[in-house]
Amino acid sequence: MSTTGFTGHAHTAHEPAHVHTEIPLRHDWTVAETRALYELPLLELVYRAQSVHRSVWKDNKVQLCSLLSIKTGGCPEDCGYCPQAARYQTGVKAEKLMAVPEVLEAAKTAREAGATRFCMGAAWREVKDGPQFDSVIEMVKGVKTLGMEACCTLGMVTDSQAKRLKDAGLDAYNHNLDTSEGHYGDIISTRTYDDRLKTLARVRNAGIGVCCGGIIGLGESIDDRCHMMVTLANQPQHPESVPVNALVPVKGTPLADNERVDSLEMVRTIAVARILMPASMVRLSAGRSQMNEEAQLLCMMAGANSVFFGDKLLTTGNPEYEQDMSLFERAGLKPLEPNVDKPQQQ
Ligand code: SAM
Ligand code: DTB
Ligand code: SF4
């Protein structure tokens, strides 16, 4: 266990290496103590999470990230929540991988709108070597040239694919655990929890930042949520990013009729993520369209320091750009500047 809080962390764009805090980065969390945190009176929990948050993230900024589906639909996997699984009739039609210039145009537009991180998602079970992966490598290089953080989420990767992504300049790879190991089999049968952990280890070994979190509202118990958080926090290194998603229920998927996630459950989950992983970016991801502005602010109070902006996530809706800008303005939220090299090209 480190005492400065930051030793042992892989260097990423937002690692606050200059900050010293007495808050230890622990890797020995138990489900019982995590659950005790989760069940605190809400304002006590938010107070504790905000105290941890401010001791690390002193400038209290929120990163604006942009998300693009570079390869939509037609996925062979059976993730019960996902509108892009070919086997569910969701109205999402399978498309080819986007062309490199088109993706870079979108990245440039996102940058002009204020995004400092660009995340590219592909509805693949795994990456296959060949022309499509070569194109993704070009996309990553192009996003880096624009001076943005580059993240992608492409399914499972091998060691050599992870190395190529790293060499292209990729900052982060998103690969979510989604839920607890115990609940995983109820949601996905076409791969195992261990497959997921193996890809995460390959990403880590290649020196790419790990972006790994989950979804609430999959029919999991509170203990499942706590188990997932403990699995994340007890890795040898905390993920640099922890996205917290609320299920976006999509007609045609097996989970379409799940009970809607109570916003306060999102607040609790985010607060627990913040307390367990003080130096990680906690990303308020899918589900903001189902939350009012006050609940989103409570999530930020509880430690969320990133949102996806733009009116679409991968295939589902997100709050309108103008609405988000208005919220930032009215609440006096400060967007995080890119902590990367200056743009090399306009
Ligand atoms: N195919 C790759 C994979 O599964 O890792 C990358 C793309 S996949 C769409 C990325 C993540 O989106 C999933 O791991 C899941 O956490 C999230 N996601 C997908 N559908 C969702 C939904 N309906 N609501 C909330 N999150 C969702
Ligand atoms: C993550 O954790 N959430 C984002 C991103 N990583 C790739 C994806 C959310 C997808 C929501 C459903 C959709 O729009 O298709
Ligand atoms: Fe495919 Fe990813 Fe959707 Fe699962 S979550 S069906 S792997 S796109």
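1. Start with the shell around ligand 3, which divides by class into five nonpolar, two polar and two charged residues. Here Ala, Val, Leu, Ile, Met, Phe, Trp, Tyr, Cys and Pro count as nonpolar, Asp, Glu, Lys and Arg as charged, and the others, Gly among them, as polar. The residues around ligand 3 include Cys75, Cys79, Cys82 and Arg125; a residue is near a molecule if its C-beta atom, placed from the backbone, lies within 6 Å of it.

2. A word on the model: it is predicted, so local features need pLDDT of at least 70 and side-chain atom pairs count only at pLDDT 80 or more, while totals for chains, interfaces and linings use all residues. Residues are numbered from 1 along each chain as its sequence is written, and chains are lettered from A and ligands numbered from 1 in the order in which they are written.

3. Now look at ligand 2, with 17 residues around it, Pro243 and Leu313 being among the closest. Its shell has eight nonpolar, nine polar and no charged residues.

4. Next comes helix 5, residues 159-168 (helices are DSSP runs of H or I, at least four residues, numbered from the N terminus). Which of its residues are buried? They are Gln161, Ala162, Arg164 and Leu165, where buried means that 20 or more other C-beta atoms, placed from the backbone, lie within 10 Å of a residue's own, and exposed means 12 or fewer. These buried residues line one face of helix 5, because they fall within an arc of 160 degrees seen down its axis (the arc is that of the directions from the helix axis to the C-beta atoms). On the other side, Asp159 and Ser160 are exposed.

Definitions and conventions. Helices (H or I, at least four residues) and strands (E, at least two) are DSSP runs, numbered from the N terminus.
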